[in-house]
Amino acid sequence: MKSQIVPATRLNAAMHAGFFLLLAASVARFVAAHGLSGATPLILVLTGTLALVYVAGVLSWAVLGRWRAVWLAAVIAVWLALVVAAPSFAWCAVPLFFVCLQVLRPRVVIAVVVLLTVATILAQLRIATEFDPSIVLAPIAVALMATMTFLQLDRDKVELRRTVGDLLHARIDLAQSQRLAGMMHERERLAREIHDALAQGLSSMRMLLQAAQRSWDTDPKLARGHVSRAVEAAGDTLAEARRFVQGLGSPRLDATDLVESLKDLAEQIGFVAMHRVRFEISGDPYPLRPEVEAGLLRIAQGALANVSEHARAEEAAVTLTYVEECVVLDIRDDGVGFDPDSVRASGDRGNGLRMIRERLAELGGEMVVESVPGEGTALAVAVPTREMR
């Protein structure tokens, strides 16, 4: 999983480093050409302002949320002022292309990239002694290659998430099919056991009692013998029924407990979906009813599948908390979020939450969903455990 997260982090770091290197090179070139007099103090102030605004956004990226577009607009505004004062700063636009592609929607990206490209061309024309076609063509080529490359990467990422979501749903469907097949097999086994053991014993008792009834008046001794054998058959059938019930048992989750199952699920989904999924446990674990363990595992599977398919998150967290009278499962992500009221009203993409509610209704539990567009999603389910304690 580490190998899947690091490349994107390194790419971000490289683009940010490239921006500051170009900024430093531009200011050094300007100072070398103009000295510290004239417009140089203004250029230094604008350069420092641009660097501070850019650094502030990078350091607070995780908490900016929907305000990232405002931060980017401020960066571009300061950069444009700097380019007007000193055209040599125009090439700082190249790393800004990358930031635009991360923050803005595709249609807005194209408009902003055109603005940056035109500003770069005009800046180069201002300092050119004579017209050179490369002054126009080079910025257009760089902008076109950068934009198309990152747009293609974004499309590939969306397609990959869709594929991962399909795989996760297929895995859940397969698990459900296997569960149903196991239920059918178990029903057939129970039917055979009941027919071969319990039904046959009851049939024998009925025949013996009927025989005793027929000979009760004519041959009391024979009738008592039939009743005695019926009593013995009843004892044998009762013992067989007890062995049968004791042998049913309640299988655990794939021979492991809930904590290990959730930990394995987080690791598996994190590896496939290319985003980090942390698992944490709080409180002292205690035994849960088998149906509670199975229900919580299925809820975690469905919620993490929604995160992988819809949230576009970089990180998710699964927390299992044991308290005195209930167990709480929290699943959080830092993705795009959604409006729960709109989803509930439209019915679009609401099947996962509806299924979780239905499963919790069977367990007597409750669910709370908190989400805001652009600020991630938090889902918490609580299931009472008083019956077990």
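Val368 stands opposite Ala380 in strand S5, and this pairing belongs to the six bridges that join S4 to S5, two strands that run antiparallel. Strands here are DSSP runs of E with at least two residues, helices are runs of H or I with at least four, both are numbered from the N terminus, and two strands count as paired if DSSP finds at least two bridges between them. In the hairpin of S4 and S5, five residues lie between the strands, and Gly374 takes a positive phi near 90°.

The model is a predicted one, in which local features need pLDDT of at least 70 and side-chain atom pairs count only at pLDDT 80 or more, while totals for chains, interfaces and linings use all residues. Residues are numbered from 1 along each chain as its sequence is written, and side-chain values use heavy atoms, with hydrogens and water left out.

S5 also pairs with S3: residues 326-333 of strand S3 and residues 377-384 of strand S5 are antiparallel over eight bridges, and Val328 has Ala382 in S5 as its bridge partner. Taken as a whole, the open sheet has five strands in the order S1-S2-S3-S5-S4, with mixed pairing. Its edge strands are S1 (276-282) and S4 (366-371), each of which pairs on one side only. From one strand to the next, the twist averages 10°. Helix H10 (residues 290-311) packs on this sheet and touches S1, strand S2 (315-322), S3 and S5, its direction making about 10° with that of S3; contact means heavy atoms within 4.5 Å, and the axes are lines fitted to C-alpha atoms, for helices over the stretch in contact, with angles running from 0 to 180 degrees between N-to-C directions.

Strands S1 and S2 are also linked through side chains. Glu315 forms a salt bridge with Arg278, with the closest N and O atoms 2.6 Å apart, where a salt bridge is a side-chain nitrogen of Lys or Arg within 4 Å of a carboxyl oxygen of Asp or Glu. Because Glu315 lies in strand S2 and Arg278 in strand S1, the pair ties together parts that are 37 residues apart in sequence. Both residues belong to a network of salt bridges that links Arg276, Arg278, Glu280 and Glu315.

Helix H5 (residues 93-103) is mostly covered, since eight of its eleven residues are buried, including Phe97, Phe98 and Cys100; buried means under 20% relative accessible area, exposed over 50%, and partly exposed in between, with a 1.4 Å probe and protein chains only. In helix H6 (residues 106-127) sits Val114, which counts as partly exposed at 46% relative accessibility. Together with Ile110, Val118, Leu122, Leu125 and Phe131, Val114 makes a nonpolar surface patch of about 560 Å².

For the chain overall, there are twelve helices and five strands, and buried residues make up 35% of the 389 residues. Among contacts between residues at least 6 apart in sequence, 68% join residues at least 24 apart.

Terms used:
Patches are made of residues with over 30% relative accessible area and no salt bridge: like charges are joined within 9 Å, nonpolar side chains (Val, Leu, Ile, Met, Phe, Trp, Tyr) within 5 Å. Accessible areas come from the Shrake-Rupley method with a 1.4 Å probe; for residues, only the protein chains shown count as cover.
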